[in-house]
Amino acid sequence: MIRISFVGLLCILCMSADAFAQLQRKPAVLDEPVEVFLAQSLITTGTAQNLGRGNINSTIMHNFDLVSTGYQEFWGLDAGANVRLGIDVGLTDNLSVGIGRTSSEDNVDLRFKYTVLNQMASGKIPVQLAIKGDVGINTQEQPNFDFSTAERLNYFGGLLVARRFNERFSAQIAPMISHFNMVVVDDATRSDLVNTHLANGFGAEYRLNDRHSFSFEYIAVLGDRSDDTFNPMALSWQIDTGGHVFQIFVMNGNWFTEQHLIARTTDDFFAGDFRIGFNVNRVFGLKK
Amino acid sequence: MKRSFLSLILILLSGLRTTVVAQKYFTDSGETIFYSKVPLHNFSGTSNNLTGLINLEDNTVDFYVDLKSLDTGNGKRDKDMRKTLKVDKFQYGEFFGKLVSPFDTTSTDVQPAKVAGIFKIHGKEKEIEVEGTLQKTPEGIQLIAGWMLNLSDYEIKPPKLLMIKVQDVQEITIDALLTPYTEDQ
């Protein structure tokens with residue numbers, strides 16, 4: 001009995017010495033911020049993901065007319081596109097600022113995004129938390145009106161709370177507020193117009209692999225709203241080529257700034273009134 | 001009597017193992033840096049998670065680094081680098097070989113050192129020789145070494161920075177203090 005135990009013990013000791021011949025590979029324990037979303041915008045609404053210091057993100061966003069216009073309008077593509085050209089700059093890892101111009105109403109907007117909390121790989125911080133603000137101005141000439149600068153302004157504020165749940169799935173919820181200093185419609189007798197809207201945004205991204213992913217966004221307007229407006233919704237297929245993120249999507253809204261989407265979406269996605277669009281995001285890393 | 005004999009054997013074996021272990025030096029916090037160049041622009045990536053073992057008993061040298069721990073100081077560039085190196089599939093850059101130059105453990109002088117073995121990254125491997133220095137210190141052994149790595153040797157497609165391809169040749173340096181290896185490491 002003792003002989004067996006002794007031989008066994010000797011074997012164990014020798015085996016453990018041999019096992020040191022090559023180290024067992026162990027992953028490094030890293031606690032770095034998680035990349036919650038692929039791009040700084042889900043589709044049209046901002047994500048809690050920030051750019052990072054020294055990076056510049058150029059975006060070209062387009063959408064067309066309603067698909068329901070049919071063959072005669074080539075499912076909306078014959079109509080002129082609404083386009084937002086924008087550039088955002090990462091001033092620090094947690095703060096980015098940007099400027100953009102939308103062809104509708106020649107709306108020029110300035111925006112910022114500040115990341116308050118980064119979701120960490122260790123789970124120590126389980127969510128990404130960011131605030132986003134946007135101020136736009138309608139610069140279109142109005143031959144029949146003489147709007148003051150203040151009357152042309154529109155605003156957006158949002159608190160973006162996001163989490164990447166696993167390698168594939170991320171989601172976001174975002175309480176929002178939208179305000180227009182002045183709301184103009186053709187019919188001056190309408191009394192249902194609302195300057196300030198509250199809303200809650202929902203979004204998600206599902207990564208099929210390194211290159212392809214799907215995303216979804218929906219904004220539920222809360223409380224008072226202007227008549228004949230609907231909740232914006234969009235579904236997108238994203239292609240990440242390494243340098244670019246392309247987004248091909250359908251949406252019922254016609255805008256790329258949240259304040260307009262919330263207050264000015266007049267088509268009902270669930271009635272089949274949606275349009276095709278695509279975005280191109282290109283990030284340049286300029287930091288040495 | 002039998003119990004005493006067994007105890008004696010165990011004590012002797014323990015002593016033997018201690019002697020063996022003292023010939024091994026280990027680190028899990030070494031520094032490795034790569035230096036990349038594109039025209040008019042250089043950048044580097046650093047990891048402080050270089051893990052390695054030098055066994056002076058049989059002269060084996062075993063090092064690896066988790067490539068996810070390389071930090072270039074730019075999140076987007078880190079992401080691009082990880083994609084280029086396919087780190088989700090090939091997580092480690094690793095070297096396994098032999099110390100082929102003599103090393104005098106009784107001297108505290110800086111001694112030239114040369115290792116030869118296999119370096120593996122991106123799922124590809126190649127025999128290399130690396131030169132550097134070893135120095136016995138009160139804490140253990142200080143290792144400094146470096147070599148030039150050709151991305152094409154490992155079928156790594158050089159990434160582009162502002163449309164310009166990163167040069168194929170990358171300089172790699174390592175700097176690590178290895179301390180006597182203990183069983184719990």
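What follows is a working chat about the predicted two-chain model shown above.

Me: Before we start, how are residues, chains and ligands numbered or lettered here?
Reply: Residues are numbered from 1 along each chain as its sequence is written, while chains are lettered from A and ligands numbered from 1 in the order in which they are written. This is a predicted model, in which local features need pLDDT of at least 70, side-chain atom pairs count only at pLDDT 80 or more, and totals for chains, interfaces and linings use all residues.

Me: OK, chain A. Which strands close into a barrel, and in what order?
Reply: In chain A, 12 strands close into a barrel in the order S1-S2-S3-S4-S5-S6-S7-S8-S9-S10-S11-S12, with antiparallel pairing. Strands (E, at least two residues) and helices (H or I, at least four residues) are DSSP runs numbered from the N terminus, and two strands pair if DSSP finds at least two bridges between them.

Me: And what does the twist average from one strand to the next?
Reply: The twist averages 20° from one strand to the next, where axes are lines fitted to C-alpha atoms, for helices over the stretch in contact, and angles run from 0 to 180 degrees between N-to-C directions.

Me: How many bridges between S9 and S10 of chain A?
Reply: Strand S9 (residues 212–222) and strand S10 (residues 233–240) of chain A pair in the antiparallel sense over 7 bridges, and A:His212 has A:Ile239 in S10(A) as its bridge partner.

Me: What about A:Asp227, is that buried or exposed?
Reply: A:Asp227 is in the loop between S9 and S10 of chain A, and it is exposed because 10 other C-beta atoms lie within 10 Å; the cut-offs are 20 or more for buried, 12 or fewer for exposed and partly exposed in between, counting other C-beta atoms within 10 Å of the residue's own, with C-beta atoms placed from the backbone. The C-alpha atoms of A:Asp227 and A:Val194, which are 33 residues apart along the chain, are separated by 8.9 Å.

Me: Switching to the core: which residues have the most contacts inside the largest one?
Reply: The largest nonpolar core has 31 residues, and A:Phe37, A:Met251 and A:Ile262 have the most contacts inside it; such a core is a set of buried Ala, Val, Leu, Ile, Met, Phe, Trp, Tyr and Cys residues joined through C-beta atoms within 7 Å. Strands S6 (153–164), S7 (169–180), S9, S10 and S11 (244–251) and helix H2 (258–264) of chain A each supply at least two residues of this core. Apart from it lies another core, of 28 residues, with B:Phe26, B:Leu70, B:Phe119 and B:Ile141 among them.

Me: Good. How many helices and strands in chain B?
Reply: The secondary structure of chain B comes to 2 helices and 10 strands, following the pattern α-β-β-β-α-β-β-β-β-β-β-β along the sequence. Buried residues make up 28% of the 185 residues in chain B.

Me: What does S1(B) pair with?
Reply: Strand S1 (residues 24–38) of chain B pairs with S2(B) in the antiparallel sense over 12 bridges, with B:Thr32 opposite B:Ser47, and S1(B) also pairs antiparallel with strand S10 (residues 169–180) of chain B over 7 bridges.

Me: Last one, what do the buried residues of H2(B) pack against?
Reply: They pack against S1 and strand S12 (275–285) of chain A, together with strand S2 (41–55) and S5 of chain B. The buried residues of helix H2 (residues 75–85) of chain B are B:Gly75, B:Lys76, B:Arg77, B:Met81 and B:Leu85, and H2(B) is followed by B:Lys86, whose phi is positive, near 50°.

Methods: Contact = placed C-beta atoms within 7 Å.
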